[in-house]
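Let's take a short walk through a protein model, one piece at a time. Have the picture ready and follow along.

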Amino acid sequence: CCSRGLFSVAAAEELQEKGWDAVSLEGGYIAWLMDVMSAPEEQDKAADVEKSLRKKFKKSIWSKFTKAINTYELVKPGDKIAVCISGGKDSLTLLYALSGLRRFYPKKFELAALTVDLGFDHYDLSEIRQLCKTLDVEYHVIKTKIGEIVFEERKESSPCALCAKMRKGALNDYARQIGCNKVAYAHHMD
């Protein structure tokens, strides 16, 4: 939830008291990142990033990705894979890689992108929706009250573990509901 700016004011003040140069971002890191990415000059950079994934990182990312897919037989014909999207670079790279693989891989499979809405205000997913549309990947937003449960009902002081478990549960349940037989996470070696 630090990525949403919920705890950043208190955390910044505490770090400042300890002598660190710390600031709080309104809306958190994700709001800042989405603002930066939507600037016109950044849109050209997005095209450059896509090109670099195909060219520059072919050896370091793409070849390792396809080797793992083949070595461990991670994709089978007829699979419908749910790709969990947070909006960060890891999950978006995974979505882009699986979408690229889908175009030429001999074993035909489907993709669905899923994002958990924790119930916070001002959660703009328009960029992710547009990417999914461009990649021809169905996109689903899972509405939850995880934020309310964690922060208002339970008043958790260290919410990360509970939030992660609830988020993963929501993702797995929804993936089953829409017919996915596999779930791909881009974090924590899942």
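## Ground rules

Buried means under 20% relative accessible area, exposed means over 50%, and partly exposed lies in between (1.4 Å probe, protein chains only). What you're looking at is a predicted model, where local features need pLDDT of at least 70, side-chain atom pairs count only at pLDDT 80 or more, and totals for chains, interfaces and linings use all residues. Residues are numbered from 1 along each chain as its sequence is written, and side-chain values use heavy atoms, with hydrogens and water left out.

Helices (H or I, at least four residues) and strands (E, at least two) are DSSP runs, numbered from the N terminus.

## Two loop residues with positive phi

Start with Asp136, in the loop between α6 (126-135) and β3. Its phi is near 60°, a positive value in a residue other than glycine. Asp136 counts as exposed because its relative accessibility is 62%.

Glu73 sits in the loop between α4 (58-71) and β1. Its phi is positive too, near 45°, and Glu73 isn't a glycine either. With 47% relative accessibility, Glu73 counts as partly exposed.

## Strand β1, covered on both faces

Five of the five residues of β1 are buried, so this strand is largely enclosed by the rest of the structure. In a regular strand, side chains alternate between the two faces of the sheet. Here Lys80, Ala82 and Cys84 lie on one side, with Ile81 and Val83 on the other.

Who are the neighbours? β1 pairs with β2 in the parallel sense over five bridges (strands pair if DSSP finds at least two bridges between them). Lys80 has Glu110 of β2 as its bridge partner. To get from β1 to β2, the chain passes through helix α5 (residues 89-104), in a right-handed β-α-β crossover. Right-handed means that, with the strands pointing away from you, the path from the first strand over the helix to the second runs clockwise. β1 also runs parallel to β4, joined by three bridges, and Ile81 stands opposite Lys182 there.

## Helix α8, a two-sided story

Which residues of α8 are buried? They're Cys163, Ala170, Leu171 and Ala175.

Just after α8, Gly179 takes a positive phi of about 90°.
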